[in-house]
Structure formats: C-alpha cells, structure tokens
Amino acid sequence: FFASMTHELKTPLASIRLQAEVLHENIEDSQNQMLTKFSSRLIEDTNKMETQMDKILQLSRLEGGGDLHLQEVELKAQIQQATTRWASHQEVHLDDFPETPIMADPFALELILRNLYENSKVHANATPISIRVAAPKESTQLIVTYQDQGVFTGELKKLTNIFYRHNSHRGSGIGLYLIRRLMKKMGGKLEITLSPDNSLCFSLFFPKAR
C-alpha cells in the first residue's frame with residue numbers, strides 16, 4: 001500500500017515543484033517581494049513532501065525485503081550535488097579529499113545525505129555543518145564524518161530506533177532508522193557518537209569500489 005501510494009504521489013509532487021520553480025523565476029524578475037517569498041515557500045514545502053514520500057517508499061521497500069542496486073559511485077560529486085539541492089541555505093564545509101569510488105546505491109546515498117541535512121535543519125537548527133572524508137589505504141572502507149553544531153539531549157542508544165524523535169515533535173522519526181538500514185544493506189555501517197559539546201557526530205563507513 002505504501003509503495004503504490006507514494007509512487008502515485010511522487011509524480012504530481014514533482015510536477016508541482018517544477019511549476020513552482022518556473023513561477024519563482026518569473027516572479028523574481030518582477031521584483032514582487034511578497035510573491036517571491038510565497039513561491040519560495042511553495043518550493044520548500046513541496047521538497048519536504050517529496051522527502052517524506054521518498055522516506056516512506058524506501059522504508060516500504062526495505063521492510064518488504066527489497067534489494068538495492070549497488071554500483072561504483074563518485075562520492076565527492078554525489079555530496080556536492082546533494083549539498084546544492086538540499087542544503088543550499090545551510091553553511092556546509094566540505095573538506096577536500098581525493099576521489100575514491102565507493103560501492104553504493106545512488107538513490108539510497110542521496111536519501112542518506114538528504115536525511116542528515118534535514119536532521120540538522122529540523123532538529124538541531126545549527127550550522128556550520130562539517131563533512132570530512134578519510135580513505136585509509138590499508139582499509140577496504142571509506143569513512144564520511146558528518147557533524148553540525150546542534151545540541152543533543154535525548155538517548156543516544158535510541159537514536160536510530162524507528163519513530164524515535166527524542167525531544168522534538170517535528171519529523172517522522174524514520175530518517176536515522178533508514179540511514180542505519182540502508183548503510184547495512186550497502187555493506188557499510190553507521191556509527192553515532194556524542195562530542196564533548198553534546199553535538200552529534202555521524203560516521204558513515206562505505207565499502208571502497210574494487
């Protein structure tokens with residue numbers, strides 16, 4: 001039911017977003033600040049709805065035993081694209097690193113990055129966001145470290161439990177659960193640690209492409 005419902009909703013949502021973006025571009029030329037604000041909000045809200053649809057669709061696939069389609073992915077390009085699309089209004093610092101292909105499902109990887117950005121915006125509401133990448137030569141894994149400046153006051157052990165939202169009434173409570181499941185499905189893992197300043201540090205371990 002969830003798979004068919006979200007699939008049916010994704011097409012009209014994508015159409016609404018595209019039309020809103022065209023309207024926004026034309027309204028900007030007219031220099032009408034109120035209409036520009038409303039059209040921008042329309043695009044933002046449509047993106048939020050698309051994100052929730054993608055989460056539900058991916059969750060239904062995972063719970064139904066669906067498989068991912070692993071392939072070689074250029075991680076740097078994927079992070080840059082996700083940052084441009086989903087974190088354009090957030091301050092993101094991406095350390096320079098040598099391009100090392102990983103084995104991943106492109107759609108799953110985009111959803112993971114999108115969920116992290118959304119988590120920072122909705123729950124932490126704190127920037128800057130720091131993304132570091134380490135690719136030890138002796139290791140078969142590449143490590144992506146994601147950290148923002150938000151303060152976490154919930155229970156760390158419950159953080160990737162489905163529907164757990166600690167002290168927030170916003171969000172669906174499935175974002176971090178999906179990240180953990182998707183990383184495991186791709187042959188990697190997610191580790192979450194708490195820094196001395198009570199900010200969360202997310203470490204994503206991806207298998208390197210052979």
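**Close-up views of a predicted model**

**View 1. Helix α2 and the residue that follows.** Helix α2 has 31 residues and reaches 45 Å from its first C-alpha to its last, close to the 45 Å expected at 1.5 Å a residue. The model shown here, and in every view below, is predicted. Just after α2 comes glycine 65. Its phi is positive, at about 85 degrees.

View 2. Helix α3 runs over residues 75-86, 12 residues in total. At 1.5 Å a residue it should span 16 Å, and its end C-alpha atoms are 16 Å apart, so the two values agree. Which residues of α3 are buried? They are Leu75, Lys76, Gln78, Ile79, Ala82, Thr83 and Trp86. These residues cover an arc of only 165 degrees around the axis, which puts them on the same side of α3. An α-helix has 3.6 residues a turn, so residues three or four places apart point the same way. The face turned away from the buried side of α3 carries the exposed residues Gln81 and Thr84.

**View 3. The largest pocket.** The largest pocket has a volume of about 680 Å³. It is lined by 23 residues. Closest to its centre are Glu44, Asn47, Lys48, Trp86 and Lys121.

**View 4. What lines the largest pocket.** Four helices each supply at least two residues of the lining: α1 (2-30), α2 (33-63), α3 and α4 (106-124). Which helix gives the largest share? That is α2, with 7 residues. By class, the lining has 5 nonpolar, 9 polar and 9 charged residues.

**View 5. Serine 120 in helix α4.** Serine 120 is found in helix α4. Is serine 120 buried or exposed? Its relative accessibility is 1%, and buried means under 20%, so serine 120 counts as buried. The side chain of serine 120 also has a partner. A polar contact of 2.6 Å joins it to the side chain of aspartate 148.

**View 6. Asparagine 198 in a loop.** Asparagine 198 is found in the loop between β6 (189-194) and β7 (200-207). Its phi is near 70 degrees, a positive value in a residue other than glycine. Asparagine 198 has 35% relative accessibility, so it counts as partly exposed.

Note on methods:
Residues numbered from 1 in each chain as written. Predicted model: local features only at pLDDT ≥ 70, side-chain atom pairs only at ≥ 80, totals over all residues. Heavy atoms only, no water. Expected span 1.5 Å × (residues − 1). Buried < 20%, exposed > 50% of the residue type's maximum accessible area, 1.4 Å probe, protein only. Arc of directions from axis to C-beta. 1 Å grid on protein atoms, 1.4 Å probe; cavity = no way out; pocket = protein on both sides within 12 Å on 5 of 7 lines; lining within 4 Å. Points joined across faces, edges and corners; volume = space filled by probe spheres on them. Nonpolar A, V, L, I, M, F, W, Y, C, P; charged D, E, K, R; others polar. Polar contact = N/O pair within 3.5 Å; in protein donor to acceptor, adjacent residues only side chain to side chain.
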